[in-house]
Amino acid sequence: MTQSPTLSRRSTTSAPSQLRKSKRRGADARAGYTFLLPWLLGFIALTVGPMISSLYLSFTNYNLFEAPKWIGLDNYTTLFQDERFLQSVGVTVNYVVFGTPLKLAAALAVAMLLNSKRRGQGFYRSAFYAPSLIGASVSIAIVWKAMFGDNGPVDQGLSIFGINLGGWVGNPAMTMPMFILLTVWQFGAPMVIFLAGLKQIPNELYEAASMDGAGPVRKFFNITWPMLSPVIFFNLLMETIHAFQIFASAYIISNGEGGPAGSTLFYTLYLYLRGFSDFRMGYASAMAWLLVIVVGIITLIFFRTSKSWVHYSGDSR
Amino acid sequence: MINRRHFLTTVAVGTASAGVLAACGNGASSSGETGSAENPVTINYTWWGNDDRAERTRKAIALFESKNPDIKVNGNFTDFAGYWQKRATEAAGGGLPDVMQWDLSYLRDYGQRNQLLDLSTVNINTDAFEKSLLPSGQIRGKTYGIPTSTNAFAVYYDPAKLASLGIAEPTGKWTYKEYNDFLTEVGTKSNGALFGGTDYTGVWWMFNIWLRQNNIEAFTEDGKLGFSKDDLKKWWNFTAELRGTPAIASEERVTQLAPKSAFGSNVTATEVTWDNFMAGYLADSGAKELKLVPVPSDDPDNLGLFLKPSMLMVASAKTKYKDAAARFIDFMVNDPEVGQIFKTSRGVPASKTQRDGTTFEGTDKLVVDYEKSIEQYLKDAPEPPIVGFGTLEASFKRISSDLNYGKLDINAATDAWFKEAEDLIKQNA
C-alpha cells in the first residue's frame, strides 16, 4: 500500500536529502519505541514472561512448594483420560456453540432497531448497552443466582404461565440455558460495533434497492449482510474467543465448584480448581496451553473460511 | 470502512490471556529478631472466618499488644475457600504470614513441604493440653500446629420443629437404621414441608467415623487408603433407599442454598456435623434452641467419636520473628482472657488453663456439655490426614452429590472416587 509512493519519491530525490530523511526516520523510530517502552516492558514482564514459564511448567509436575519435576508430555496425555476434563470441554463447547450465535443475533437485531432515526435514540442506546458494562461483574452473577433460584422472580414468573421448573440453579438441565441467557443479555459491546458498521452502509444502496422493489428481507440479505460482513466476522471472532474464557460468573454461581452435577464446570473453572485447589500447577498450565492452541486453531479456521463470505470494501472483486 | 490489516492486529490482542498468575507476598518489617517497647517488631497474623470472629480476634490482638508492648500484630482475614488459595500463592512466593490460623486438612500439605515452623524449637507452653490431642498437630516427630480448641461430631436437631410434628426428641443412642427411620418419619409427617436431614453419607468425616466404628483406619501409616471399595459401596448404600424421598433434602435444594446450609435455612430437621457450628446455625436459622446428640452407631460401645482440633495455630518456617510468633501463639491458645473473648466460637478451648478461665453460658454451655457427655466414647484423634486431603474431602462431597442427582450409580461413584484418590496419592508420593 505504501510502496508505490515511496518508490516514486526515491526516484526523484537526490542522495543527500535521502540520507537526511533516513536519519530522521531513525530518530522517529527511536522516539516511537521510547513512547512504547512502558507498555512493552509491562507486556514482556507480565504477559510474555509468565506465558513462557507456564509453557515450561506444563511439562512438569509442579505443586507450588517444591521445585518443578520434568515429566515431558504426561500432563497432556493424562488430560484425555480425565473424565472431569472431558466434561469441562463438553460444557464449554456447548456454551460457545449456543451462546455466541444467539448473543450476536440479539446484538444485530437490537442494533438494527436502534439504527433508525427516532426520538430518544440516545437513551435507548445507553439503556441497551448498560448490561454489558456491569454484566461481567460479581454482583450480577449474584443477582442472577437469586433470580433463577427456587421461588425467585423467574420461577414465579413462569409459574403464572403454568410452567413449573423450580429453581434453575440447582437443576443440572437448566444451568446451561441460564448461563446462555446471561451472556445473551450482555449483547451491548457487539451491538455498539454493529451499530457503527450499520451507519457506514451508504443509504443510496437501500434507496436503489427500494426503487427496484426489494422488500426488507431481501435488503437485509443482499445489502446489510454483505456490507456488514467484516463487522460480523470481527464480532463473531471476538465473542467466540471471549466465550471460551468464561470464568467469573461460573465461579460465583456454582460457589467455585462447577456444580450441580458438573453442569457448570467450564474449562477455565476446572483449570483454576486444578491449579489453586489441587495445587497441580503443571496440569493447569497444560490446560491453559491447550486452550490457547485450540482457540488459535479456531481463529485460523475462521480466517480461512472468511474469504468466502466476508467482503472488504478495499478488495477488488 | 474496515480493512483487513487493521483487523489482524486487533485480533492478535484478543487471544493472549492464558498466563500463569503470580502473587507477591507481604514483606516483613525492618528491625531484627526481637523488638522493644520503643521499637516494636510487627508480625502478620491471618485467619479465616466471618465478621463475628474478626471482631473477637481484634479484641484478642489488642489485649496481646497491651501485654506485649514490644510486638505489634497486623491482622488480616478472608473466608475459608479463598483462604487456601491465598496461602498457596503466598507459599509459592515465599511470603507466608508469620502466624496463621490453620486447618487439619492442610497441615500435611504445608508441614511436609517445609513451609511451617517446627514449634517444638520455640517456647510454647503445652502443659495444660490433653496428651491425646497434641499428636494431631505433629508430623514425623515435628510439631507444626498447636490446637486452639476442639470439636466433635454430633447430630444437631431443632426441638421446636420436632415438637410441632409430634415427634419425640432423639436420645442419641441409635443405630443407622433407627436414624434412617427417624429421618423418614420427619419427612412423612411433615408431608415434605421439612426434610429429615441431608444425605449424611456425603460427609467425609461421618464416613471416617463409621470406619472407626468398624475398626478400619481411613489412611494407613504410609499414606495409602486403609479401606476398600466394598467399604465405600456399603457406606453409600446406607441411604440408597432415602435418596429422592422426603427423608433427605433433594440435591437441587441443597445446591441452591449454598453457601448457606440446609439446616441453617430451616429446610431440614437435623444435620450431622461438627459441634462448634452451633453459633452459626443459631444465627442462620433464627431457632430459639438447637440440641446435640451423638452420631448413630451399630455398635453401642464404639461410637467412633474423637476430639479433633477445630483449628490450629501455626507459624511460617520463614518468619524472621520466631520469638514474637511463639509468644503470640502461646497467648492465643493459653490465655484465659482469650477464652472469654472467643467462648466456643473456635470450638471448646483445648488448653485447660484457658478452658477453666472461661465461663460458658447458654449455647456455649451446650457445646461444652456435649463434649463432656461423650467423654467415655472418645478415642485418640486421627493423625493429620494425607497430603491433598482437602481435595479428597471435596471430591467425596461432589461425587456423593452426583449420586443424589442420579448421575452416577453407587458402583460408578465408588470407582470415580477411588480413581481420583489413587491418582492424587500417586501424584503426591
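Helices (H or I, at least four residues) and strands (E, at least two) are DSSP runs, numbered from the N terminus. The legends below use these labels throughout a predicted model, in which local features need pLDDT of at least 70, side-chain atom pairs count only at pLDDT 80 or more, and totals for chains, interfaces and linings use all residues. Residues are numbered from 1 along each chain as its sequence is written, while chains are lettered from A and ligands numbered from 1 in the order in which they are written.

**View 1. Thr78(B) and its contacts.** Let us start with Thr78(B), which sits in strand E2 (residues 71-78) of chain B. Is this residue buried, partly exposed or exposed? Thr78(B) counts as partly exposed, with 15 C-beta neighbours inside 10 Å; a residue is buried if 20 or more other C-beta atoms lie within 10 Å of its own, exposed if 12 or fewer, and partly exposed in between, with C-beta atoms placed from the backbone. Apart from neighbours within four places in sequence, Thr78(B) is in contact with Trp48(B), Tyr83(B) and Lys86(B). Two residues are in contact here if their C-beta atoms, placed from the backbone, lie within 7 Å. Tyr176(B) is 98 residues from Thr78(B) along the chain, and their C-alpha atoms are separated by 37 Å.

**View 2. Ala325(B) in the largest nonpolar core.** A nonpolar core is a set of buried Ala, Val, Leu, Ile, Met, Phe, Trp, Tyr and Cys residues joined through C-beta atoms within 7 Å. The largest one has 163 residues, and those with the most contacts inside it are Ile43(B), Val99(B), Val295(B), Met313(B), Ala325(B), Phe328(B) and Ile329(B). The element that gives the most to this core is helix H4 (residues 83-115) of chain A, with 11 residues. When residues up to four places away in sequence are not counted, Ala325(B) touches Ile43(B), Asp98(B), Val99(B), Ala315(B) and Thr319(B).

View 3. Helix H8 (residues 229-237) of chain B has Leu232(B), Trp235(B) and Trp236(B) buried. These residues cover an arc of only 90° around the axis, so they are on the same side of H8(B); the arc is that of the directions from the helix axis to the C-beta atoms. What covers the buried residues of H8(B)? The cover includes helix H7 (204-213), helix H15 (389-404) and helix H16 (410-428) of chain B. Turn to the face of H8(B) directed away from its buried side, and you will find the exposed residues Asp230(B) and Asn237(B).

**View 4. Two loop residues with positive phi.** Most residues other than glycine have a negative phi. Asn151(A) has a positive phi near 60°, and its place is in the loop between helix H6 (138-147) and helix H7 (153-160) of chain A. Asn151(A) is exposed, with 11 other C-beta atoms within 10 Å. Lys343(B), also not a glycine, has a positive phi of about 50°. Lys343(B) lies in the loop between helix H12 (336-342) and strand E11 (348-349) of chain B and is buried, with 21 other C-beta atoms within 10 Å.

**View 5. Lys173(B) in its loop.** Look for Lys173(B) between helix H5 (159-165) and helix H6 (176-189) of chain B. Lys173(B) is exposed, with 12 other C-beta atoms within 10 Å. From C-alpha to C-alpha, Lys173(B) and Lys72(B) are 50 Å apart in space, and they are 101 residues apart in sequence.

**View 6. Where chain A touches chain B.** The contact takes 47 residues from chain A and 35 residues from chain B. On the chain A side, helix H2 (15-57), helix H11 (216-244), helix H13 (267-277) and helix H14 (281-309) each supply at least two residues. H14(A) gives the most to this side, with 8 residues. By class, the side of chain A that touches chain B has 23 nonpolar, 19 polar and 5 charged residues; Ala, Val, Leu, Ile, Met, Phe, Trp, Tyr, Cys and Pro count as nonpolar, Asp, Glu, Lys and Arg as charged, and the others, Gly among them, as polar.

**View 7. The domains of chain B.** Chain B is divided into domain 1 (41-150 + 309-365) and domain 2 (153-307 + 384-428), with bounds that come from an automatic or database domain assignment. Their C-alpha centres lie 29 Å apart. The contact between them takes 18 residues from domain 1 of chain B and 14 residues from domain 2 of chain B. Helix H4 (residues 107-111) of chain B gives the most to the domain 1 side, with 3 residues.
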